[in-house]
Amino acid sequence: GSSPRPPQRPVMPPWAAARVQTRVQAAALSTSRCLRAVRVFLMSVFEFDPPERFVAGTVGPPGQRTFFLQARAGRRLVSVSCEKEQLGILADRLLDILDERGGAAGGDAAAAAYSDDAPLDTPIEDEFRVTTLSLGWDPDRNVVLIEALRDAEPSADADPEDEDAIELPPLGVVRVTLPPAQARAFARRTRALISAGRPPCPFCGGPLDPTGHVCPRANGYRR
């Protein structure tokens, strides 16, 4: 008779791979193709496809706010800190993509179902500081793809002009897949969050603290 088939390994669904700890080796080879250095990195991957909630939020008073991206699915909650400017660019580019490709599914009427003005969920535990945000569109699924990355820093003895140097993998990734309506609601909330900071000085346009600020148009006096 025919020999029995070896048992097949179960396929892990994407949601089950929410946090995958993967060891990645990066090796740089010299021109003689000899192994010159090996570095081992631990990469954390958090995947949400899709999240129940994905928002930007802040902690702290105006002028001292820390900005976060936060994704939640069931009991899984991931928060990563980032720069205000990164969020502003992400929201603008996201709205451009939705205006171009989102159609009615990514319009304001559809986004109303995802309206969310609630604060960040707690506990807010910063997994890592975001160094790069990437944005894409999947035409096969008609969804938005957002990645928040913590890039690896090169070693102190790395040669920046070495053409054979291998690009280091990121140390952390939060990967989120959003339907167009949820993506537009996220972008609208993010824009409102950024504009809700310190009000501008009516004289110089600089941000006003609750105690005022030293205005250059008042010859250095506090307004």
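Let me start with a rule: two strands are said to pair if DSSP finds at least two bridges between them. Helices, which are H or I runs of at least four residues, and strands, which are E runs of at least two, are both DSSP runs numbered from the N terminus.

What we are looking at is a predicted model, in which local features need pLDDT of at least 70 and side-chain atom pairs count only at pLDDT 80 or more, while totals for chains, interfaces and linings use all residues. Residues are numbered from 1 along each chain as its sequence is written, and side-chain values use heavy atoms, with hydrogens and water left out.

With that rule in hand, please look at strand E3, residues 53–59, which is joined by seven bridges to strand E4, residues 66–73, the two running antiparallel. E3 is mostly covered, since five of its seven residues are buried, where buried means under 20% relative accessible area, exposed means over 50%, and partly exposed is in between, using a 1.4 Å probe and protein chains only.

Let me turn to the interior. A nonpolar core here is a set of buried Ala, Val, Leu, Ile, Met, Phe, Trp, Tyr and Cys residues joined through side-chain atoms within 4.5 Å. The largest such core has 32 residues, and those that touch the most other members are Phe54, Leu69, Leu94, Val144, Ile146, Val174 and Phe186. Among the elements that give two or more residues to this core are E3, E4, helix H1 (84–102), strand E8 (143–150) and helix H3 (180–195). Which element gives the largest share? That is H1, with seven residues.

Leu94, for example, touches Leu135, Val144, Ile146, Ala183, Phe186 and Ala187, not counting residues up to four places away in sequence, contact meaning heavy atoms within 4.5 Å. After H1 comes Gly103, whose phi is positive, near 65°.

Finally, the charged pairs. If a salt bridge is a side-chain nitrogen of Lys or Arg within 4 Å of a carboxyl oxygen of Asp or Glu, the count comes to 13 salt bridges. In one of them, Asp49 meets Arg141, with the closest N and O atoms 3.0 Å apart. This pair links distant parts of the chain, with Asp49 in the loop between E2 and E3 and Arg141 in the loop between E7 and E8, 92 residues apart. Asp49 is partly exposed, at a relative accessible area of 34%, and Arg141 is also partly exposed, at 45%.

Another salt bridge joins the side chains of Asp116 and Arg189 (3.5 Å, N to O). Is Arg189 buried or exposed? Arg189 is buried, with a relative accessible area of 13%. Salt bridges that share partners join Arg53, Arg72, Asp116, Asp121 and Arg189 into one network.
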